[in-house]
Each structure stands twice: as structure tokens, then as C-alpha cells.
Amino acid sequence: MRDLRLDVSTLLSELPAAIYTTDADGRITFYNEVAVDLWGRRPAIGEDHWCGSWKLFWPDGTPMQHDECPMAVALRENRKVSCGEAIAERPDGTRVPFLAFPTPLTDQAGIVIGALNMLVDITAQKEQENRIRTLTREVNHRVMNHYQVILAMIRETNERVKSPAEFEERIRDRIQALASSQQLLVSSNWRGATLSDLLMAQIKPFGAENSIVVSGPNILLQPNAVQYLGIAFHELATNSAKYGVFSADHGNVEVRWDVERDDEGNERFVLTWRETGPELVAPNEPGFGQTVLEKATPLSLGGEAKVDYGPQSVSWNLRAPLKHVLAAANSEQAGPMTSSGI
């Protein structure tokens, strides 16, 4: 029968974790290839002490001396160290956060003769923690932002309605519009939403998906733009359902957007919502919707906008710096997108 016994160094070499050993004085006596990958170097056997890392840092980024590392502590105090956290810097400058699990090795008399250490790369864990912290900050910011928007909605709506029932209906619809935009952001882990998806989400409650023509590049909006453009689209659709094309079986709505570059090379986002029909009625007096369209939305995007009413048309024209509209992930513009619906 074949002898399956393996020597210790062969066994440790095959483990999928970074493993190394030292003598009682901390001189490295063995390491496997996984440890080499983590350190980015091959320490000198019998010369390098305590850890094969080029440089070490504490979790907060301050320098750690090699004789302060978890392996040195385990040897000096003759005790196991569980989850000793540190950061290794490779010779090429890259850094690897890791957990160390050094265990002293003793003889029959209990005298320390060396130590065994396992290092666990926790780069992925740290990246996930950073993503969670970033997302938490973003959510907190959005909650406060939504709170301010809702307060403005309540104040402006209360000044312009004639009955509690009308107030309830207006506020409910506007908060639902905010929620629709929010859902798009949640679905994308707060990366943003495409302009066409946002537009469809806001006009869907009006059953007007087939009454609109859109044209423009496939743009991924940043969260702030999603929120304020969503509110603007809701107000435009509401006005259309009361006074314009969505209230009748004739006329059409066109939504067009593009990116323009001025003489100085600055890119600007331009968008036009235009309704045309034989009998379009302008609102009797400016309301919350006009405040959203001409002030709140353009100001939030660092741009400008205007609503124009004609005898047979109404249009909303928005211009804003592209950097305040485009999500960071949308580094390239797709080709033009045109549709008879959304």
C-alpha cells in the first residue's frame, strides 16, 4: 500500500492560505507561494524577521514596526493571537489588508521553539465595508434631501389648493412620483437611472406611454438628477393630463435630449418637453409645477429652464452642465435612441 504520509513543509505548501513559520527568535524558516503572492516578495530564509511583508501598517494606516506585528507579539508573549489585523505594503506600493493568526510552537517542556502563522487577505471584505459606508452616507443624504423636498411640496401645495381632499390628492401623487424615482435608484444600488426609464416611470400612472415620442442618447443620470428630473416629469405629465395632450385623444408630446459642446469645450445637457395640439389650455396662474420646472429642477442641476405657452403648444426647455446630470458610470455615450413610445 502506498505511503501517503507527507512532511510538514509539503503539506503547508499545498494549503490555499498564506502560511509561514519562524524560529524562536522570529527568523523566517518557511513560507508557501500564497504568502509570496500576498507579500509581493520572497523574504530571505533565516534572515527576515517576524513577517515577510516589505512594510507594515496598522489598520488606521500608521506605520507598524515588524517587531510590533502579531507574529512578534505571539512569540514574545507565548500566546496565540487571533485576528490580528494589519496592512502589508508590497514593494510595488500596493497594499493588502490582512488578518493574522500566529500560534507559538513549543517543545515538551513548554519552551517556545518557533511559531506558525496564517494570513488571510481581507481586501474584498474591506471594499464591501467601504461600499456599505458610502451607501449609508448616500442614503442619509437622500433622506434629508427628500425631507426638504416634501416640506416644500406641502408648503407650496397648501397655498394653492381649495380643499383638504384636493390637498391630499396632490400630495399623494407628488410623493408617489418621488417614490417611483427612488425605486429606480434602489434597483441600481444608487448608481443612477437611465433618462428613458425615469421618464416612463413618471408617465406610466397617466397611461400615456404610447402618446409620447422620445429621442436622445442613452444617458445614465446621477441620483440627484434622477430625483429632480423625476419631479419635473411628474409635473409636466400632471399639467398635460389637466390642460394638454394627455387629457385628450389628439395632439402629441415629444421629449428630446442631447449633449452640446460650446466653443470652450464645455459639455451641456439639453432637454425639451414639447406638447402640440389644437386646443391646449395654459394654467390660470403659476403653481407648484412651474416652481419645480423653472426654479427647483434647473437650480439643483446648476442650469436654467423655462416654460413657454403658445396657443397650440407648451414646451419646457432645460439646459445644464453635463457633469451635474451624467452619472460617473456612464463614461461613454451610446448611439442615438428614437422611439414612438418608451
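Tutor: Begin with contacts: two residues are in contact when heavy atoms lie within 4.5 Å. In this model, which is predicted, residues 24 or more positions apart account for 57% of the contacts with a separation of 6 or more.

Student: What are the helix and strand counts in the protein?

Tutor: The protein has eight helices and 16 strands.

Student: How does the radius of gyration of the protein compare with that of a compact globule of 342 residues?

Tutor: The radius of gyration is taken over C-alpha atoms. A compact globule of 342 residues would have a value near 20 Å, whereas the protein has 32 Å. Along the principal axes, the C-alpha atoms fill a box of roughly 100 × 55 × 45 Å.

Student: What share of the residues is buried?

Tutor: Buried means under 20% relative accessible area, and exposed means over 50%. Of the 342 residues in the protein, 41% are buried.

Student: How many salt bridges does the structure hold?

Tutor: A salt bridge pairs a side-chain nitrogen of Lys or Arg with a carboxyl oxygen of Asp or Glu within 4 Å. The structure holds 13 salt bridges.

Student: Which residues are linked in a network of salt bridges?

Tutor: One such network links Asp 23, Asp 25 and Arg 27. Arg 27 meets Asp 23 at 3.0 Å, N to O, and Arg 27 also meets Asp 25, at 3.4 Å.

Student: Is Asp 23 buried or exposed?

Tutor: Asp 23 has a relative accessible area of 18%, so it counts as buried.

Student: Which residue forms a salt bridge with Glu 267?

Tutor: Glu 267 pairs with Arg 261, and their closest N and O atoms are 3.0 Å apart. Here Glu 267 is partly exposed, with a relative accessible area of 36%, while Arg 261 is exposed, at 58%.

Student: Next, the spaces inside the protein. How many cavities of 30 Å³ or more are there?

Tutor: A cavity is a space where a 1.4 Å probe fits but cannot get out, while a pocket is open. The count comes to two cavities of 30 Å³ or more. The second largest cavity holds about 30 Å³ of space.

Student: Which residues line the second largest cavity?

Tutor: Among them are Tyr 20, Trp 50, Cys 51, Cys 69, Phe 98 and Asn 117. Helix H3 (70-77), strand E6 (95-100) and strand E8 (112-121) each supply at least two residues of this lining. By class, the lining has nine nonpolar residues, one polar and no charged.

Student: How much space lies in the second largest pocket?

Tutor: The second largest pocket has about 260 Å³ of space. Its lining has 16 residues, and those nearest its centre are Asp 173, Arg 174, Phe 206, His 234 and Thr 238.

Student: Which helix gives the most to the lining of that second largest pocket?

Tutor: Helix H5 gives the most, with seven residues. Helix H5 (164-187), helix H6 (195-203) and helix H7 (223-243) each supply at least two residues.

Student: How does the lining of the second largest pocket divide by class?

Tutor: It has five nonpolar, five polar and six charged residues. For the second largest cavity, by contrast, the lining has no charged residues.

Definitions and conventions. Residues numbered from 1 in each chain as written. Predicted model: local features only at pLDDT ≥ 70, side-chain atom pairs only at ≥ 80, totals over all residues. Heavy atoms only, no water. 1 Å grid on protein atoms, 1.4 Å probe; cavity = no way out; pocket = protein on both sides within 12 Å on 5 of 7 lines; lining within 4 Å. Points joined across faces, edges and corners; volume = space filled by probe spheres on them. Helix = DSSP H or I, 4+ residues; strand = E, 2+ residues; numbered from the N terminus. Nonpolar A, V, L, I, M, F, W, Y, C, P; charged D, E, K, R; others polar. Buried < 20%, exposed > 50% of the residue type's maximum accessible area, 1.4 Å probe, protein only. Rg over C-alpha atoms; globule rule 2.2 N^0.38 Å.
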